[in-house]
Amino acid sequence: MEELERLEVKVSYLENLAEELNNVVIEQDKTIMMLEKKIEILEKKVEDLIEVTGEARPNRRPPHY
């Protein structure tokens with residue numbers, strides 16, 4: 001009987017752990033999707049800048065000059 005209770009406690013612990021890990025994965029997926037969108041926006045801005053200037057990098061002085 002004691003063995004069965006111990007196994008039930010372990011299963012309960014593992015179920016809770018699996019749910020917590022699933023929540024972490026869900027949050028990480030949301031973060032990844034948001035970062036991917038930001039990267040797309042930045043890539044578009046760089047492409048627009050290249051089209052406007054005709055260069056991959058604008059010809060500017062570094063800020064320390």
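E43 belongs to helix 1, which covers residues 2–53; helices (H or I, at least four residues) and strands (E, at least two) are DSSP runs numbered from the N terminus. The model is a predicted one, in which local features need pLDDT of at least 70 and side-chain atom pairs count only at pLDDT 80 or more, while totals for chains, interfaces and linings use all residues. Residues are numbered from 1 along each chain as its sequence is written, and side-chain values use heavy atoms, with hydrogens and water left out.

Helix 1 contains 52 residues and spans 76 Å from its first C-alpha to its last, close to the expected 76 Å at 1.5 Å a residue; the expected span is 1.5 Å times one less than the number of residues. After helix 1 comes G54, with a positive phi near 75°.

Of the 65 residues in the protein, 0% are buried, where buried means under 20% relative accessible area, exposed over 50% and partly exposed in between (1.4 Å probe, protein chains only). The protein exposes about 6700 Å², with 58% supplied by carbon and sulfur atoms; these areas come from the Shrake-Rupley method with a 1.4 Å probe.

Three salt bridges were found across the whole structure, each defined as a side-chain nitrogen of Lys or Arg within 4 Å of a carboxyl oxygen of Asp or Glu. E3 pairs with R6, their closest N and O atoms lying 2.4 Å apart. Because E3 and R6 are three residues apart in helix 1, about one helical turn separates them. K30 and E27 form another bridge, at 3.5 Å between the closest N and O atoms, and they too sit three residues apart in helix 1. D48 and K44 meet at 3.0 Å, N to O, with four residues, about one turn, between their positions in helix 1. D48 has a relative accessible area of 29% and is therefore partly exposed.

Two surface patches complete the description. Patches are made of residues with over 30% relative accessible area and no salt bridge, joining like charges within 9 Å and nonpolar side chains (Val, Leu, Ile, Met, Phe, Trp, Tyr) within 5 Å. D29, E36, E40, E43, E47 and E51 gather in a patch of negative charge. E43 has 47% relative accessibility, so it counts as partly exposed. Y13, L14, L17 and L21 make a nonpolar patch of about 410 Å². Y13, also in helix 1, counts as exposed because its relative accessibility is 55%.

Key:
Lys and Arg count as positive and Asp and Glu as negative; His and the chain ends are not counted. The place of a charge is taken as NZ of Lys, CZ of Arg, CG of Asp or CD of Glu.
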